[in-house]
Each structure stands twice: as structure tokens, then as C-alpha cells.
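I opened the model to look up helices, loop residues and aromatic pairs. My notes are below, in the order in which I went through them.

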Amino acid sequence: MSNLYLTPPVAALIFFIVVVCGHNFRMAWKQQPEGWQKRAWLFGVPAAIGLFTLAFLPLKI
């Protein structure tokens, strides 16, 4: 498991995806249009996975 790490460009891409998905999750939750729960799950799960990835995988510089 010592070869499992993130490089800076991959970490930046994951961070960007987390920000976009988190924003869309918040907008779906706040506005609550028709079918908002499905959209909240659709955006919330990738955001959570990305945050856990950034939190628990080391960054190799």
C-alpha cells in the first residue's frame, strides 16, 4: 500500500470535481425542484468520495 498516493495534478482535479459536485448538491438541496433527492444523491456521493480520497491518501510531491 505504500505506492498508493496522489500526485498534485490528480489531487487538483479531484478537488475541482468535489467543488463542482458540492455546489450542485447545495443548489439541488436549496431550491428543491422536482426530483431533487435523486440529483442530491447524484452529486453528493462523488463529492463525499472525493473528500475522503483527498483526506486519506497522501500527496506525493
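**Entry 1: the model.** I note at the start that this is a predicted model.

**Entry 2: helix α1.** I looked up the length of α1 and found 24 residues. From its first C-alpha to its last, α1 reaches 34 Å, close to the 34 Å expected at 1.5 Å a residue. I then asked which residues of α1 are buried. They are A11, I14, V18, C21 and A28. What do the buried residues of α1 pack against? They pack against α2.

**Entry 3: G50.** I went to the other helix and picked G50, which is found in α2. Is G50 buried or exposed? Its relative accessibility is 8%, so I put G50 down as buried, the cut-off being under 20%. Leaving out residues up to four places away in sequence, I found that G50 touches I14 and V18. Both I14 and V18 are among the buried residues of α1. I also checked G50 against I17, which is 33 residues away along the chain. The C-alpha atoms of G50 and I17 are separated by 7.6 Å.

**Entry 4: a nonpolar patch.** I looked for nonpolar residues on the surface and noted a patch formed by L13, F16, I17 and V20. Together these residues have about 370 Å² of accessible area. I17 is therefore a member of this patch, and I had already listed its C-alpha distance to G50 as 7.6 Å. I looked at V20 separately and found it in helix α1. With a relative accessible area of 35%, V20 is partly exposed; a patch residue needs over 30%.

Entry 5: I followed the chain out of α1 and came to Q32. Q32 lies in the loop between α1 (8-31) and α2 (36-56). I recorded Q32 as partly exposed because its relative accessibility is 43%. G35 lies in the loop between α1 and α2 as well. At 34% relative accessibility, G35 counts as partly exposed. I took the C-alpha distance from G35 to P46 and got 18 Å, for 11 residues of sequence.

**Entry 6: aromatic pairs.** A pair of aromatic rings is described by the distance of the centres and the angle of the planes. How many aromatic pairs are there? The count comes to 2 aromatic pairs. In one of them, the rings of F25 and W29 have centres 5.8 Å apart and planes at 50 degrees, so I wrote the pair down as tilted. F25 and W29 are 4 residues apart in helix α1, which means a separation of about one helical turn. F25 is partly exposed, with a relative accessible area of 29%. For F52 and F56, the ring centres are 6.1 Å apart and the planes are at 10 degrees, so this pair is stacked. The cut-off for stacked is under 30 degrees. F52 and F56 both lie in helix α2, 4 residues apart, about one turn of the helix. Are F52 and F56 buried or exposed? I have F52 as exposed, and F56 as exposed too.

Definitions and conventions
Residues are numbered from 1 along each chain as its sequence is written. This is a predicted model: local features need pLDDT of at least 70, side-chain atom pairs count only at pLDDT 80 or more; totals for chains, interfaces and linings use all residues. Side-chain values use heavy atoms; hydrogens and water are left out. Helices (H or I, at least four residues) and strands (E, at least two) are DSSP runs, numbered from the N terminus. Buried means under 20% relative accessible area, exposed over 50%, partly exposed in between (1.4 Å probe, protein chains only). Rings of Phe, Tyr and Trp (its six-membered ring) pair if their centres lie within 6.5 Å; planes under 30 degrees apart count as stacked, over 60 as edge-to-face and the rest as tilted. The expected span of a helix is 1.5 Å times one less than its number of residues. Contact means heavy atoms within 4.5 Å. Patches are made of residues with over 30% relative accessible area and no salt bridge: like charges are joined within 9 Å, nonpolar side chains (Val, Leu, Ile, Met, Phe, Trp, Tyr) within 5 Å. Accessible areas come from the Shrake-Rupley method with a 1.4 Å probe; for residues, only the protein chains shown count as cover. A salt bridge is a side-chain nitrogen of Lys or Arg within 4 Å of a carboxyl oxygen of Asp or Glu.
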